Amino acid sequence: MWNLVYLTTIRGLSVAARRLAYRRAVARRQNLNKEGADGSEPAPEPPLALDQIGQQSLRLTTMVLLLIFSGVLYWIWSDLVTVMSYLDSITLWHYNATVAGNAVLQAVTLCNLMLSIIVAVVAYVLMRNLPGLLEVLVLSRLQLRQGTSYAITTMLSYLIMAVGTTTTSLSSIGVSWDKLQWLVTALLVGLGFGLQEIFANFISGLIILFERPVRIGDTITIGTFSGSVSKIRIRATTITVFDCKEVIIPNKAFVTERLINWSLSDTITRVLIKIGVAYGSDLDKVKAVLLQAAHENSRVMTDPEPQVFFLAFGASSLDHELRL
């Protein structure tokens, strides 16, 4: 019902805006014809704010629909208030808690368990949708450096899931941090021995997001692979090489191996092109042709200017190098 009413309202506002624009256009044409026949100058017309009118109408309609549907939902589900109080009387287990320095036995009810599940589900939904919404609504309007928005949204998703599950969801069922710290310590020791590579890749992924030696869209060379960074995940980073293949490289390689980032602080790069010509060729003409080809390319900079150098006498060619 909400979708039906909402989309019908949007369609009605769109049709109404078109009709309003048509009526204003017809009236403007009639006024222009009348004033032109009289010989007087046409009066300037104020700009049409149809988009602003549509947005204001849509916001007002959304608010009215939200109020109406909220009232209807409360009228239908008002009996749930008594049901929640009944669920709060069902005790599942007890746990020891410290309140004002005193040990107190607390009860975990069925209501607490349901609220914990709801919080975990909401945290998961926020982790999947809120970073993208934040990037579209807020980060896209800010003048951020390349890859900064991706790092912010990724860290935000980790933070939402960690806070939603450990702090809020688990604490509501009596699993506090003082009970989890020994489990986390044992888990870290186990990760250090059994899952060393995966844990190292996870830490390396965090280092990449904070230190930012590579960013989304950077052109890099690591090992024998050269391409642009397309994804930075928890365990590995995806590079799209120049022949449109996706290469998945563990994050540990970006921290321990030698990495060449061609566009980290400056996107200007010198290109070296080696060319061999036959013996007996006109070397002045070779130089002129190579420089002409460089100057005709719109992406080649004029400062510094392209240069041509004769390198060596090859086995069957005169080796030249074009630097641009």
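Author: A residue counts as buried under 20% relative accessible area, as exposed over 50%, and as partly exposed in between. The structure discussed here is a predicted model.

Reader: Is Cys-244 buried or exposed?

Author: Cys-244 lies in the loop between β5 and β6. Its relative accessible area is 69%.

Reader: What is the phi of Cys-244 near?

Author: Most residues other than glycine have a negative phi. Cys-244 is a residue other than glycine, yet its phi is positive. The value is near 65°.

Reader: Which residue joins Pro-304 through a cis peptide bond?

Author: Pro-304 sits in the loop between α9 (283–295) and β9. Most peptide bonds are trans. The bond here is cis, with omega about 5°, and the partner of Pro-304 in it is Asp-303.

Reader: Which strands stand at the edges of the sheet of five strands?

Author: The five strands form an open sheet in the order β6-β5-β4-β3-β7, with antiparallel pairing. A strand at the edge has a single partner strand, so one of its sides is left without a neighbour in the sheet. Neighbouring strands are turned by 40° against each other on average, direction ignored. The edge strands are β6 (246–250) and β7 (259–261).

Reader: Which residue of β6 is the bridge partner of Thr-240?

Author: Strand β5 covers residues 236–241 and pairs with β6 in the antiparallel sense over five bridges. In β6, the partner of Thr-240 is Glu-246.

Reader: With which residue does the side chain of Asn-251 make a polar contact of 2.6 Å?

Author: Asn-251 belongs to helix α8, residues 251–256. Its relative accessibility is 0%, so Asn-251 counts as buried. The contact of 2.6 Å joins its side chain to that of Thr-237.

Reader: Which strands are at the edges of the sheet of three strands?

Author: This open sheet has the order β8-β10-β9, with antiparallel pairing. Each edge strand has a single partner, so one side of each has no neighbour in the sheet. From one strand to the next, the twist averages 25°. The edges are held by β8 (272–277) and β9 (307–313).

Reader: Which residue of β10 is the bridge partner of Leu-272?

Author: Strand β10, residues 318–323, pairs with β8 in the antiparallel sense over six bridges. In β10, the bridge partner of Leu-272 is Arg-323.

Reader: How far is the backbone oxygen of Ser-263 from a polar atom of the side chain of Arg-215?

Author: Arg-215 lies in the loop between α7 (196–211) and β3 (219–222). With a relative accessible area of 5%, Arg-215 is buried. A polar atom of its side chain and the backbone oxygen of Ser-263 are separated by 2.8 Å.

Reader: Which helix gives the largest share of the nonpolar patch?

Author: The patch is on the surface and has about 1100 Å² of accessible area together; its residues include Met-63, Trp-75 and Val-83. Both α2 (50–77) and α3 (80–87) supply at least two residues. The largest share, nine residues, comes from α2.

Definitions and conventions:
Residues are numbered from 1 along each chain as its sequence is written. This is a predicted model: local features need pLDDT of at least 70, side-chain atom pairs count only at pLDDT 80 or more; totals for chains, interfaces and linings use all residues. Side-chain values use heavy atoms; hydrogens and water are left out. Helices (H or I, at least four residues) and strands (E, at least two) are DSSP runs, numbered from the N terminus. Buried means under 20% relative accessible area, exposed over 50%, partly exposed in between (1.4 Å probe, protein chains only). A polar contact is a pair of N or O atoms within 3.5 Å; within protein, one must be able to donate a hydrogen and the other to accept it, and residues adjacent in sequence count only if both atoms are side-chain atoms. Patches are made of residues with over 30% relative accessible area and no salt bridge: like charges are joined within 9 Å, nonpolar side chains (Val, Leu, Ile, Met, Phe, Trp, Tyr) within 5 Å. Accessible areas come from the Shrake-Rupley method with a 1.4 Å probe; for residues, only the protein chains shown count as cover. A salt bridge is a side-chain nitrogen of Lys or Arg within 4 Å of a carboxyl oxygen of Asp or Glu. Two strands pair if DSSP finds at least two bridges between them. Axes are lines fitted to C-alpha atoms, for helices over the stretch in contact, and angles run from 0 to 180 degrees between N-to-C directions.
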